[in-house]
Amino acid sequence: GTFDFLSDEYSKLFKASEATSFQAGFWLARFYDTLVPSVGAEPVIVLGRDLASDALAFVLPMVRQSKMGMKLRQPADLGISDYNLAVGAPETLAALATDNSFKADLADRLKPFDLCIYRKQRADLFNTGSLLTNGEESPATTSSYGLTIHEDIDTWRQNTLSKSTRKGLARKRRAIEAD
């Protein structure tokens, strides 16, 4: 079977992490149930548990896919998310990134693969690629910007977006709804 991303243990881990909405339980459950099979990919969900308590310590949501004769391991993304992050407390992930035995074991568990890609990493958060052995880092070719909204969306729009931007967005929404 697959991992239950809707479980309480995953929800607790997600809340303790710096992961984005694209690693949220509801999103990943739908992603693995719907999108992954529709493109011929296979789930690769790496779970790490605390040896003493059996508590979930980290989750590395990935997929396996073959493209142009290459066996790829990549994040649960398939080109549709913002950032790809390991899910776990930042201090747990940082400790694992310095453990060469863990990194070798992780590489063995991901085999066979020709290429393991972990792209779309935020520079200000934990670099998931540091969990992988023999990795090379390169700058992201795209970026998006995280922001925290501390008020309801209507108040945020009023306080943040210019009147012309709000009018333009309303016009686009009406045009979409008319189609």
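Tutor: Start at the surface. K163, K167, R171, K172 and R174 gather there in a patch of positive charge. Keep in mind that this is a predicted model.

Student: Where is R174 found?

Tutor: R174 sits in helix α6, which covers residues 163-178.

Student: Is R174 buried or exposed?

Tutor: Exposed. R174 has a relative accessible area of 53%, and the cut-off for exposed is over 50%.

Student: Let's zoom out. How many helices and strands does the protein have?

Tutor: The secondary structure comes to six helices and five strands.

Student: What pattern do they follow along the sequence?

Tutor: Read along the sequence, the pattern is α-α-β-β-β-β-α-α-β-α-α.

Student: What percentage of the residues is buried?

Tutor: Buried residues make up 35% of the 179 residues in the protein.

Student: On to the strands. Which strand pairs with β1, and in what sense?

Tutor: Strand β2 does. β1 spans residues 42-49 and β2 spans residues 56-67. The two pair in the antiparallel sense, over eight bridges.

Student: Which residue is the bridge partner of I45?

Tutor: P61, in β2.

Student: What joins β2 to β3?

Tutor: Six bridges do, and these strands run antiparallel. β3 covers residues 70-75.

Student: What about the turns? How many residues lie between the strands in the hairpin of β1 and β2?

Tutor: Six residues. Look at D54, which lies in that loop between β1 and β2. D54 has a positive phi of about 65°, although it is not a glycine.

Student: Why point that out?

Tutor: Because most residues other than glycine have a negative phi.

Student: And how many residues lie between the strands in the hairpin of β2 and β3?

Tutor: Two residues. M68 is placed in this loop between β2 and β3. M68 takes a positive phi of about 50°, and it is not a glycine either.

Student: Is M68 buried or exposed?

Tutor: Exposed. Its relative accessible area is 84%.

Student: New topic. How many salt bridges does the structure hold?

Tutor: Five.

Student: Which residue forms a salt bridge with R64?

Tutor: E42 does. The closest N and O atoms are 3.7 Å apart. This pair links distant parts of the chain, with R64 in strand β2 and E42 in strand β1, 22 residues apart.

Student: How exposed are R64 and E42?

Tutor: R64 is partly exposed, at 29% relative accessible area. E42 is partly exposed too, at 41%.

Student: Which side chain does D105 meet in a salt bridge?

Tutor: The side chain of R109, at 2.9 Å from N to O. D105 and R109 are both in helix α4, residues 100-110. They are four residues apart, so they are separated by about one helical turn.

Student: How exposed are D105 and R109?

Tutor: D105 is partly exposed, with a relative accessible area of 36%. R109 counts as exposed, at 62%.

Student: Back to α6. What meets R173 in a salt bridge there?

Tutor: E177. The N to O distance is 3.3 Å. Both lie in helix α6, four residues apart, about one turn of the helix.

Student: Are E177 and R173 buried or exposed?

Tutor: Exposed. E177 has a relative accessible area of 56%, and R173 has 53%.

Key
Residues are numbered from 1 along each chain as its sequence is written. This is a predicted model: local features need pLDDT of at least 70, side-chain atom pairs count only at pLDDT 80 or more; totals for chains, interfaces and linings use all residues. Side-chain values use heavy atoms; hydrogens and water are left out. Patches are made of residues with over 30% relative accessible area and no salt bridge: like charges are joined within 9 Å, nonpolar side chains (Val, Leu, Ile, Met, Phe, Trp, Tyr) within 5 Å. Accessible areas come from the Shrake-Rupley method with a 1.4 Å probe; for residues, only the protein chains shown count as cover. A salt bridge is a side-chain nitrogen of Lys or Arg within 4 Å of a carboxyl oxygen of Asp or Glu. Lys and Arg count as positive and Asp and Glu as negative; His and the chain ends are not counted. The place of a charge is taken as NZ of Lys, CZ of Arg, CG of Asp or CD of Glu. Buried means under 20% relative accessible area, exposed over 50%, partly exposed in between (1.4 Å probe, protein chains only). Two strands pair if DSSP finds at least two bridges between them.
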